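Colleague: I have the model open. Can we go through it?
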Amino acid sequence: MSSIEIDPQTPKLLIKQGAEALVYSTTYLLPHIPALLKHRPSKLYRHPTLDARLTKHRCLSESRLLIRARSLGIPVPAVYFVDESRGEIFMEWISGSSVREVLDKVLAQEGGEVVVDRMMVKVGAVVGALHAADIVHGDLTTSNIMVRNAGGSELAGSGEREVVLIDFGLGAVSTQDEDKAVDLYVLERAFTSTHPKAENLFQDVLKSYEQSFKGAKAVLRRLQEVRTRGRKRSMIG
Amino acid sequence: MIALGLEGSANKLGIGLIRHTPSKPAEILSNIRHTFVSPPGEGFLPKDTASHHRSWVVTLVKQSLKESGIKVKDVDCICYTKGPGMGAPLQSVAIVARTLSLLWGKPLVGVNHCVGHIEMGREITGANNPVVLYVSGGNTQVIAYAEQKFNLLFIPAFSHNLTPELNHRYRIFGEALDIAVGNCLDRFARTLNISNDPAPGYNIEQMAKKGKNLVELPYAVKGMDCSFSGVLAVVDLMAAQLLSGKPKPLLTPEGQPVTREDLCFSLQETVFAMLVEITERAMAHVGSEQVLIVGGVGCNERLQEMMGLMARDRGGNVYATDERFCIDNGIMIAHAGLLAYETGFVTPVEESTCTQRFRTDEVLVKWRD
């Protein structure tokens, strides 16, 4: 695919600067189609050959995962356009808030857990569907799970809103229970460190995950193991 | 207060004397080192290294006291490396520390080797609260001090062992999942039969300066962790092909012959890019602009240059030290030990063991707020 010139008039607004990528909100093709642009800029410190290789590889790998997930009906942003030589992916703009934001708001209120019960079931099912397709996310935190806005409806309706997985920058295809268990472990840590009440909510996630695909039980057994050792090894010399 | 530091966790035996005066920079009274150099193509074995330490330690301690002009009675404590490191060399030095402690009637302080590197780096460079990249023959870690102002609770990688003392520990953000980066470089030096004098990594660095073709090697970064054994396996295979010319001469995609220098260059460019990437990710997580490189591989000027390019891109800067402090030394053990001693920490003789496994995040860092 050769580089195309993006209309310089298209406004780009930087919304997030990670270590690897810059994320912009912009539009795609038409000014009224909102889009998210993920750009992996070239790194000065890297040898140009290595830099080009990594940028291209990561761009394509992320896009492939998104496309694979979407073709299986797993809710992830649609990929609009990829320019791997420039390190750019245009994808669907998900308007909504992250699960972390929702939890922060909801759990601050008395009895707020009830409201997000259904949301937890959805999270478990979506992660299960992803793992059933042998895709691991690699950075499955509550910030990387979005809840779509349904026409401005507020928190009360959050159980009815679609849950979408985002940011597959560290994702991979894997059939190993270990990798899937680590996904769950990372998600669990994200839950328990958000709020004490969130710990119970995560049990709902796991229950729903368990029923979502055939291999789920094996992954949950593996999760027990991952929990006891953490992700870290004991340090040798 | 004055501390004597004894370091011998790997092939360097280091003796240092340091003086701390309140509200003044630490004063280095003596910092001497003797290195066990193995023949080209060989690594240093624990028993030979321990034997080297045993035969040199008395001479070095005497020389250190002599050149500093410090009397034994002025020394406040004796600091030794408790771990991590190679068992036999660690034990040899711990015995010396215990003996001196009983002989002179001075308290003992067991020091974590990695914390020694970090504290010395901070003291020398003046970097206040940096993200630390600790890279040596035995260790590869990205570390930051966990202060309350960082919202570390949301970083799942290490929130699994939250304790009330969270705020007084160095946290490991990322690390090598298999061999250390320095081990990867050292072993490649063995493959090419490069001299281990003064250090295999140094000789690789010099050769890399003459290399210009980049060959494709695996690049293994996983989040903030990385892996080096696959890179080593591939570059070793390439070296074998280069040296034997079989099954066919090693050529670049453009048809140029690949040289030993090219392999050194490619290996450095690849593994250092991995290190800089995981460091950058940690900096983005904690919102820090300072980065400090410590450990033997930290002497490498290309690594320092690459880290500088990354840090400047983020509006920050890189701090590094030279070989006197980067490479294992006694002064860093004396310094970190004295910091702990000043908070009231001592290691009773009956607990003055050493250990091959001793994680950086196990140490309670009472001297920082």
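Colleague: Which strand does B:Tyr134 lie in?
Modeller: B:Tyr134 is in strand β6 of chain B, residues 131–135. Helices (H or I, at least four residues) and strands (E, at least two) are DSSP runs, numbered from the N terminus. This is a predicted model, where local features need pLDDT of at least 70, side-chain atom pairs count only at pLDDT 80 or more, and totals for chains, interfaces and linings use all residues. Residues are numbered from 1 along each chain as its sequence is written, while chains are lettered from A and ligands numbered from 1 in the order in which they are written.

Colleague: Which residues does the UniProt annotation "binding site" cover?
Modeller: According to the unreviewed UniProt entry, B:His113, B:His117, B:Tyr134 and B:Asp328. UniProt positions are given in the numbering used here, feature names are shortened, and annotations may be inferred rather than shown by experiment.

Colleague: How far apart do they get in space, by largest C-alpha distance?
Modeller: The largest C-alpha distance is 11.8 Å, so they cluster in space although spread over 216 residues of sequence.

Colleague: Which residues of chain B have the annotation "domain: Gcp-like"?
Modeller: The unreviewed UniProt entry puts it on residues 29–151 and 168–334 of chain B. In the span 168–334 of chain B, 51% is helix and 11% is strand, and its end C-alpha atoms are 20 Å apart.

Colleague: On to the helices. At what angle do α5 and α7 of chain B pack?
Modeller: Helix α5 (residues 200–208) of chain B packs on helix α7 (residues 260–286) of chain B at about 110°, and their axes are 8 Å apart. That makes α5(B) roughly perpendicular to α7(B). Axes are lines fitted to C-alpha atoms, for helices over the stretch in contact, and angles run from 0 to 180 degrees between N-to-C directions. Angles under 35 degrees count as roughly parallel, over 145 as roughly antiparallel, 65 to 115 as roughly perpendicular and the rest as oblique.

Colleague: Which residues of α5(B) and α7(B) meet?
Modeller: From α5(B), B:Ile204, B:Met207 and B:Ala208; from α7(B), B:Arg260, B:Glu261, B:Cys264, B:Phe265 and B:Gln268. Two residues are in contact if their C-beta atoms, placed from the backbone, lie within 7 Å. This contact of α5(B) with α7(B) has five nonpolar, one polar and two charged residues. Ala, Val, Leu, Ile, Met, Phe, Trp, Tyr, Cys and Pro count as nonpolar, Asp, Glu, Lys and Arg as charged, and the others, Gly among them, as polar.

Colleague: And how do the axes of α4(B) and α5(B) cross?
Modeller: They cross at roughly 75° and come within 8 Å. That makes α4(B) roughly perpendicular to α5(B). Residues making the contact include B:Leu185 and B:Phe188 of α4(B) and B:Pro200 and B:Ile204 of α5(B).

Colleague: Where is the cis peptide bond with omega near 0°?
Modeller: From B:Asp197 to B:Pro198. B:Pro198 is in the loop between α4 (181–191) and α5 of chain B. Another cis bond joins B:Lys246 and B:Pro247, with omega about -5°. B:Pro247 sits in the loop between α6 (229–244) and α7 of chain B.

Colleague: Now chain A. What domains does the assignment give?
Modeller: Domain 1 (13–92) and domain 2 (96–229). Those bounds come from an automatic or database domain assignment. Over C-alpha atoms, the centres of domain 1 and domain 2 of chain A are 23 Å apart. Each of these domains of chain A puts 13 residues into the contact.

Colleague: What mean pLDDT do chain A and chain B have?
Modeller: Chain A has a mean of 87, with 88% of its residues at 70 or more; chain B has a mean of 92, with 94% at 70 or more. pLDDT is the predictor's confidence in each residue, from 0 to 100.

Colleague: Where does pLDDT stay under 50 in chain B?
Modeller: Over residues 148–165 of chain B, for which the model has 25 contacts beyond four places in sequence. In chain A, pLDDT stays under 50 over residues 233–237.
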